[in-house]
Amino acid sequence: MIDYATLKKALKGTEMPCALLLVDSFQQNVKQIAANSKQKHIRVASKSIRSISVLKDIFQSSSTFRGIMSYSGSEAIYLADHGFDDLLIAYPIWNETILHNIAERVKSGKTLTVMIDSVAHIDRLEAIAKKAKSTFLVCIDIDLSSSYPGLHFGVHRSPIKTVEHAIAIVNRINDSRYLQLDGVMGYEAQIAGVTDNDPKQKMKNQAIRFLKKTSSKELTKKRHNVIAAIKSKGIPLRFVNGGGTGSLHQTALDEHVTEVTVGSGFYNPHLFDYYQAFQLKPALVYAIEITRIPARHIYTCSGGGYIASGAMGYDRLPKVFLPEGAHLTTHEGAGEVQTPIVYKGDIPLEHGDPIILRHSKAGELCEHFQYLHLVKNGRIVRRYTTYRGDQQCFL
């Protein structure tokens, strides 16, 4: 594990705030994820990466990584135009211009698959494909959340909740001149995205593990039934996609799943620290600079307020990584223009010294920085542009 003194030395002369990719940790994460794939292909979630150079490094590391799960139509087009292929767009698109541009690229031979979950989506795609004299590759998104009395365990995502509903959508696709069913996706968010080993919430951990175990049996059965029903109609599927970083160990064992999506695990933000089934290394961090020392043990830094999306809570705040023992204040948290840090440890801190933090999520940090500074062997060896550095903004 890299230490504070090493990063402080590496950052000398570098303008802060800045983002740092810890190369050794990143490469270890990549290897561990590939090793845990159980020989299934892993589709890389670009939302969690947001850097073309990092994506290239992942794909060059192993043939296990194949295809990208994109988070917007414009992003998928951008990646396709930069040499990537086999792009599954994880969320439905309604914008006519974007859909037309996707149809044009499919016509030219690119594999860009759009997500649907309703007849309204089908009607929209058919109208645009007819105009473009093209076709759409489509993937149906089936809901794998679980419902218990007073509790929805999962995300509010797709309205396709039963086998009958899924087959009705499949039949409609199969009858279309303009659509081709390419795959099926079922994202078990309640397994992949919910921690179950937080030392501060031992009782909650037990409850979540129980819910995960129960939900896993239910969603596995539903996914099997949907795939079996589609195959019984003689309709081929290029892929069946499932999982996420938090469920890789489990989803990769499902015989009906042909590929598992992973994204956050490559950078391993702090929301992924507390899973019982796996441990990865912090690989993407950021540095802010001490510019004030207003009181004993208080070190106020410039910038730092990079808050994660999702339900508001303390876990959406960044977390101090180094020096060990430092933490945010209770009342101010992380601010847009300044962030006070509490530190009572043995390392002497002065004006100009860095404080190293981790974001709560993975790719969202890249929206705040043009570059990722790659740190290896105690020094910054190069830098990669983020989407922002490439002057791109997709959401």
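Predicted model: local features only at pLDDT ≥ 70, side-chain atom pairs only at ≥ 80, totals over all residues.
Residues are numbered from 1 along each chain as its sequence is written, and side-chain values use heavy atoms, with hydrogens and water left out.

View 1. Helices (H or I, at least four residues) and strands (E, at least two) are DSSP runs, numbered from the N terminus. Seven of the nine residues of α4 are buried, so this helix is largely enclosed by the rest of the structure. Buried means under 20% relative accessible area, exposed means over 50%, and partly exposed is in between (1.4 Å probe, protein chains only). The buried residues of α4 are Gly73, Glu75, Ala76, Ile77, Tyr78, Leu79 and Ala80. They pack against α3 (52-61), β3 (65-70), β4, α5 and β5, where contact means heavy atoms within 4.5 Å. Just after α4, Gly83 takes a positive phi of about 100°.

**View 2. Helix α4 alongside helix α5.** The axes of α4 (residues 73-81) and α5 (residues 96-107) come within 9 Å and cross at roughly 30°. Axes here are lines fitted to C-alpha atoms, for helices over the stretch in contact, with angles running from 0 to 180 degrees between N-to-C directions. α4 and α5 are therefore roughly parallel to each other; angles under 35 degrees count as roughly parallel, over 145 as roughly antiparallel, 65 to 115 as roughly perpendicular and the rest as oblique. Their crossing is left-handed, a term for a near helix turned anticlockwise from the far one by less than a right angle, with right-handed used if clockwise. To find the contact, look for Gly73, Ser74, Ile77 and Asp81 in α4, which meet Ile98, Asn101, Ile102 and Arg105 in α5. By class, this contact of α4 with α5 has three nonpolar, three polar and two charged residues. Ala, Val, Leu, Ile, Met, Phe, Trp, Tyr, Cys and Pro count as nonpolar, Asp, Glu, Lys and Arg as charged, and the others, Gly among them, as polar.

**View 3. Helix α6 from end to end.** Helix α6 (residues 119-132) has 14 residues and reaches 20 Å from its first C-alpha to its last, close to the 20 Å expected at 1.5 Å a residue. That expected span is 1.5 Å times one less than the number of residues in the helix. Buried in α6 are His121, Ile122, Leu125, Glu126, Ile128, Ala129 and Ala132. Their packing partners are α5, β5 (112-116), β6 (136-141), α7 (163-174) and β9 (179-186). Just after α6 comes Lys133, with a positive phi of about 55°.

**View 4. Helix α6 alongside helix α7.** The axes of α6 and α7 come within 10 Å and cross at roughly 15°. These two helices are therefore roughly parallel to each other, and the crossing of α6 and α7 is right-handed. On the α6 side, the contact is made by Val119, Ile122, Asp123 and Glu126, and on the α7 side by Ile169, Arg172 and Ile173. The residues of this contact of α6 with α7 divide into four nonpolar, no polar and three charged.

**View 5. Thr261 and its neighbours.** Thr261 lies in strand β11 (residues 259-262) and is buried, with a relative accessible area of 5%. Leaving out residues up to four places away in sequence, Thr261 touches Arg43, Ala45, Met69, Asn241, Gly242, Gly243, Gly244 and Thr245.

**View 6. Two cis peptide bonds.** Pro17 lies in the loop between α1 (4-10) and β1 (18-22). Another cis peptide bond joins Leu322 and Pro323, with omega about 0°. Pro323 is in the loop between β14 (319-322) and β15 (327-328).

View 7. Asp86, in the loop between α4 and β4 (87-89), has a phi near 55°, a positive value in a residue other than glycine. Asp86 is buried, with a relative accessible area of 13%. And here is His297 again: its phi is near 75°, a positive value in a residue other than glycine. At 23% relative accessibility, His297 counts as partly exposed.
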